[in-house]
Amino acid sequence: MAGWRPVLAAAAGTLLLAGCTSESHSGDGAAGKASPSGSLSASPSASASVADEPYTLSEEQAPKTRADAVAFVRELDVRPDYFGVGYRKREPYESDPATWAVLQDDCLWQRVALPKTVLASLTRTFELPEKAGKGAVYVSLTVTVHTDTVAARRDMARSMESALRCPEQRLNATDVVRGLYSQVEAADEGRAPISDDDLTEVGEWIVDGASEAHTFDWYKYRLGPVTVAATARHGAGRSDDEDSAVSSDLMSGVILVANEIDQTGAGDTASGTPAEAQGAGR
């Protein structure tokens with residue numbers, strides 16, 4: 001797969017642009033931060049504008065029970081067009097929030113029951129259908145609520161370690177990702193203030209029996225005790241520039257979800273009102 005390192009560079013450029021833009025798109029008084037209901041929402045592929053402080057969520061605002069956490073992740077508005085024009089929901093659309101994907105010792109991703117340190121984890125899936133000789137793009141976005149910030153930090157560390165432990169990973173019965181390149185940064189290291197911590201991985205994915213591999217992206221952000229992760233499996237027939245646009249749009253979608261978490265906190269889920277497993281994998 002040619003050009004995957006330029007894709008990472010282009011995506012990183014989007015993140016830097018987001019951190020350097022000072023114009024406010026928010027209509028609710030949060031200066032400098034994008035609002036999903038504001039002008040950015042009408043053009044979700046654009047880079048999000050952020051303030052000098054990273055998007056985050058305090059432990060005091062975060063859900064405290066599994067019922068609250070399930071309600072919280074379900075109420076987040078994750079729209080298909082957050083990832084670009086033409087995306088739609090994919091079936092199965094939502095995972096069971098009582099499970100999450102874990103990389104096993106044999107480097108196979110499987111959905112398993114949540115550990116005690118995780119309150120809820122919801123994955124939603126989307127696709128950009130095949131069109132005009134360009135293969136479909138498959139996107140997933142996962143929001144996970146941990147019991148506290150320490151648990152979320154440990155999850156970020158495990159995610160970083162997974163690429164070192166398993167440079168080739170099987171997503172499911174047919175799909176493999178390989179050649180993963182990882183970059184992790186914390187908010188105090190001078191990078192664009194999108195979240196408390198972030199992790200970027202780029203590699204290639206290939207379907208069993210296929211002769212050609214294609215771009216694979218994985219972004220993961222931490223906002224206090226909550227993590228937001230997204231993946232994209234690029235379809236065939238795209239130029240390097242088109243692959244870079246897919247990667248940038250994926251990052252923009254993650255930023256929009258991070259903004260909503262930052263803006264709303266636990267919201268109305270604090271009252272404790274509670275709100276299908278899908279294929280394992282990232």
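User: Where does C166 lie?
Analyst: C166 lies in the loop between α4 and β6. Helices here are DSSP runs of H or I with at least four residues, strands are runs of E with at least two, and both are numbered from the N terminus. Please note that this is a predicted model, in which local features need pLDDT of at least 70, side-chain atom pairs count only at pLDDT 80 or more, and totals for chains, interfaces and linings use all residues. Residues are numbered from 1 along each chain as its sequence is written, and side-chain values use heavy atoms, with hydrogens and water left out.

User: Is C166 buried or exposed?
Analyst: C166 has a relative accessible area of 1% and is therefore buried. Buried means under 20% relative accessible area, exposed means over 50%, and partly exposed is in between, using a 1.4 Å probe and protein chains only.

User: Which residues does C166 touch?
Analyst: Leaving aside residues up to four places away in sequence, C166 touches L103, C107 and L180. Contact means heavy atoms within 4.5 Å.

User: What do C107 and C166 form?
Analyst: C107 and C166 form a disulfide, with their sulfur atoms 2.0 Å apart; the criterion is a pair of cysteine sulfur atoms within 2.5 Å. The link is left-handed, with -75° about the S-S bond. It connects distant parts of the chain, 59 residues apart: C107 is in the loop between β2 (99-103) and β3 (109-113), and C166 is in the loop between α4 (149-165) and β6 (169-170).

User: And how many disulfides does the whole structure have?
Analyst: The search of the whole structure finds one disulfide.

User: Back to C107, then. What is its phi?
Analyst: C107 has a positive phi of about 65°, although this residue is not a glycine. C107 also counts as buried, because its relative accessibility is 16%.

User: How many bridges join β2 to β3?
Analyst: Five bridges join β2 to β3, and these strands run antiparallel. Two strands pair if DSSP finds at least two bridges between them. The hairpin of β2 and β3 has five residues between the strands, and V102 stands opposite Q110 in β3.

User: Which other residue has a positive phi without being a glycine?
Analyst: A132 has a phi near 55°. A132 lies in the loop between β4 and β5 (137-146) and is exposed, because its relative accessible area is 75%.

User: New topic: aromatics. How many aromatic pairs are there?
Analyst: The count comes to three aromatic pairs. Rings of Phe, Tyr and Trp (its six-membered ring) pair if their centres lie within 6.5 Å; planes under 30 degrees apart count as stacked, over 60 as edge-to-face and the rest as tilted. F83 and F126 form a tilted pair, 5.2 Å centre to centre with 45° between the planes. F83 lies in the loop between α3 (66-75) and β1 (88-94) and F126 in strand β4 (residues 118-128), so the pair ties together parts that are 43 residues apart in sequence. Both F83 and F126 are buried.

User: Which residues form the aromatic cluster?
Analyst: F83, Y87, Y93 and F126 form one aromatic cluster.

User: What sits over the ring of Y93?
Analyst: The charged end of K89 sits over that ring, 4.6 Å from its centre. The rule requires NZ of Lys or CZ of Arg within 6 Å of the ring centre and within 35 degrees of the ring normal.
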